[in-house]
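Subject: Structure handover

Hello,

Here is the structure I promised to pass on. Please open it first, then read the notes below.

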Amino acid sequence: MHATSIASKPTSLKLPAALKTQLEDDARKAGLSLHAFMVQTLAESVRRTRQREAFTRDAMTALSDMKTSGSGYELGHVRAYFSNLANHHKGLQAKPQDLAPTRLG
């Protein structure tokens, strides 16, 4: 994120002394000014919050779709698939076949 290319609004932020010291230490270790580090940290927090919100919406949609269709994926099959996929990525086995939904109930 480049703050210079984005319109900025001044903000006053009062920090507890211990937190400011920690932020200064972390900023120095990252090779950033305190201001740049705080902007980067806040932007990352916002990104994670939006990502979590999208994940929750997607999960609720998937649950609704599963309930409507009556089909989905058994947890044991999903775990086995991802275990086999990890082994495939390590070069230990062939790529597993894609999972097929089953009738739940």
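The notes below go from the whole chain to single residues.

First, the ground rules. This is a predicted model, in which local features need pLDDT of at least 70, side-chain atom pairs count only at pLDDT 80 or more, and totals for chains, interfaces and linings use all residues. Residues are numbered from 1 along each chain as its sequence is written, and side-chain values use heavy atoms, with hydrogens and water left out.

**Overall layout**

The protein chain has three helices and two strands. Their order from the N terminus is α-α-β-α-β. Both kinds of element are DSSP runs, numbered from the N terminus: helices are H or I with at least four residues, strands are E with at least two.

The radius of gyration of the protein chain is 23 Å, whereas a compact globule of 105 residues would come near 13 Å. That radius is taken over C-alpha atoms, and the globule rule is 2.2 Å times the number of residues to the power 0.38. Along the principal axes, the C-alpha atoms fill a box of roughly 55 × 40 × 30 Å.

**Surface, burial and charge**

The accessible surface of the protein chain is about 8900 Å². Carbon and sulfur atoms hold 58% of that surface. Areas come from the Shrake-Rupley method with a 1.4 Å probe, and for residues only the protein chains shown count as cover.

Of the 105 residues, 9% are buried. Buried means under 20% relative accessible area, exposed means over 50%, and partly exposed lies in between (1.4 Å probe, protein chains only).

The chain carries 15 positive and 9 negative charges, and their mean positions are 3 Å apart. Lys and Arg count as positive, Asp and Glu as negative; His and the chain ends are not counted. Each charge is placed at NZ of Lys, CZ of Arg, CG of Asp or CD of Glu.

Take contacts between residues at least 6 apart in sequence: 42% of them join residues at least 24 apart. Contact means heavy atoms within 4.5 Å.

Tyrosine 81 is buried at 14% relative accessible area. Phenylalanine 82 is exposed at 51%.

Alanine 30 sits in helix H1 (residues 17-30). Alanine 30 is partly exposed, at 44%.

Methionine 66 belongs to helix H2 (residues 34-69). Methionine 66 is partly exposed, at 30%. Beyond four places in sequence, methionine 66 touches Ser71, Gly72 and Leu104.

Lysine 95 lies in the loop between helix H3 (75-89) and strand S2 (102-103). Lysine 95 is exposed, at 53%. Setting aside neighbours within four places in sequence, lysine 95 is in contact with Leu85 and His88.

Best wishes
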